[in-house]
Amino acid sequence: MKVAVITNSMDGRRTGIGNYTRGLVQALVDNGHGNDLILIHSERSNDPLYKQATEKVIPNLPRNVFEFGKFLREIKCDVVHFPSFTGSQLPLYFATGMVPIVVTMHDITPILYPEAHPIKSGLLWGRALKFCSHRIAHWISVSENTKLDMEKYLKIDGNDISVTYTAADPRFKFIRDKEAARNYILNQYGLKDPFILYVGTLEPRKNIPTLIHAFAMVKKDGFPQKLLLIGGKGWKYEKVFSAINELSLADQIVIPGYVPDEDLVYFYNVADLFVYPSVYEGFGFPPLEAMACGTPVITSNKSSLPEVAGDAALLVNPLDVRALAGAIERVLANEELRAELSERGLKRAKFFDWKKTAERTWEVYGVVGDRGDIR
């Protein structure tokens, strides 16, 4: 069976979807399917993973529809997997000929939280989905919560959706030598602990201004930690800096920007606490990465985050500033609770495994490829 995977998202600076794509491809290769994979992207990459499968570079993808369709016909591909749904890829859905399409849906935030997206991109997403949904042979969802959202709001039959959990990259792990981790952060970034950590794009859905207001309450109660916000600037990121200025916290909040995974593991391991108050996530990599590093976690009680965290984190209403501040203070003030959350997090993180994700995904490919239909 030959499976083509669109891998643009794993090139360059990766966030959630890029991490999902690379993690899945690596696991498929590790499971022995490297010779069956064709990785299609726009520009040649130095990522060594491309050498473990067949690489195909199609410049200007997804606009280069003709070459994309021609290539699929030539290789007699059995399945095409789009690791995410985007309106910009719409032409490619109609260039696959009779090759069945599998699409991974990470979330439906353009529909549930349109205010968290530019109007143009939100409209494009919804229209593209409606226009091409009949072309999708099968959907993959990264959580049960997202599957339920797809059934309820997109009216997709649950039998056409398979849930395959993702996992943290293996590099996210507990580091016993904390002093070495501290020295690395100091030498590479000039930053000292103690700090509370957030990781994720600076955008409205992540609810960072609420975290900043909660942090202000924590500081008033005398806690010494600074707040470290790691992540690139997203849409409407200005609200984050407005909240910082409003509360006069510029000297207590550090924003280093994007940090690569190979460095991010040190920040997770040194942080006193990881806080992730997002109002909606299809899955949520950062809390899982933090748990894999043994970092105590506080996260939202909304969407898929309780599904990911299980009993290994404190769950709070992400819109309740006082509740969030109270949870932060409770963890920081209680060494025994921090140790308990750390131990639970390490155990919980092991539940999510890329090998199982790859096995389940390959099963989906097999069923769709054997059926060979396009809806």
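The points below go from the overall fold to one strand, then to the aromatic rings and the cysteines.

1. **Overall picture.** Please keep in mind that this is a predicted model. The protein has 15 helices and 13 strands. Its radius of gyration is 21 Å, close to the 21 Å that the globule rule gives for 375 residues, so the protein is as compact as a globular protein of that length. The C-alpha trace spans about 65 × 40 × 35 Å along its principal axes. As for burial, 55% of the 375 residues count as buried.

2. **The partners of β6.** Strand β5 (residues 101-105) is joined to β6 by five bridges, and the two run parallel. If you want a residue pair to find by eye, Val103 stands opposite Trp139 in β6. Strand β7 (residues 161-163) also pairs with β6 in the parallel sense, over three bridges. Here the pair to look for is Ile140, which stands opposite Ser162 in β7. To get from β6 to β7 the chain passes through helix α6 (residues 144-153), and this β-α-β crossover is right-handed.

3. **Aromatic pairs.** A search of the whole structure finds 19 aromatic pairs. One of them joins Phe283 and Phe285 edge-to-face, at 5.8 Å centre to centre and with 65 degrees between the planes. Both partners are away from solvent by the 20% cut-off for burial: Phe283 is buried because its relative accessible area is 6%, and Phe285 is buried because its value is 10%.

4. Trp362 and Tyr365 form another edge-to-face pair, 5.5 Å centre to centre with 75 degrees between the planes. Where do Trp362 and Tyr365 lie? Both are in helix α15 (residues 354-371), three residues apart, which is about one turn of the helix. Trp362 counts as buried at 15% relative accessibility, and Tyr365 counts as buried at 0%.

5. **An aromatic cluster with charges over a ring.** Phe283 and Phe285 also belong to one aromatic cluster, together with Tyr165, Phe351 and Phe352. Do have a look at the ring of Phe351. Arg348 lies over its face, at 4.9 Å from the ring centre. Lys356 lies over the face of Phe351 as well, at 5.1 Å from the ring centre.

6. **Cysteines.** How many disulfides are there? The count comes to zero, with a disulfide taken as a pair of cysteine sulfur atoms within 2.5 Å. Take Cys132 as a case: the nearest cysteine sulfur is that of Cys77, 18 Å away, and Cys132 is in no disulfide. That distance is over the 2.5 Å cut-off, which is why these two sulfurs do not qualify as a disulfide. Cys132 counts as buried, at 0% relative accessibility. Cys293 also counts as buried, with 1% relative accessibility.

Terms used
Residues numbered from 1 in each chain as written. Predicted model: local features only at pLDDT ≥ 70, side-chain atom pairs only at ≥ 80, totals over all residues. Heavy atoms only, no water. Phe/Tyr/Trp six-rings, centres within 6.5 Å; stacked < 30°, edge-to-face > 60°. Buried < 20%, exposed > 50% of the residue type's maximum accessible area, 1.4 Å probe, protein only. Helix = DSSP H or I, 4+ residues; strand = E, 2+ residues; numbered from the N terminus. Lys NZ or Arg CZ within 6 Å of the ring centre and 35° of its normal. Pairing = 2+ DSSP bridges. Right-handed = clockwise from strand over helix to strand, strands pointing away. Rg over C-alpha atoms; globule rule 2.2 N^0.38 Å.
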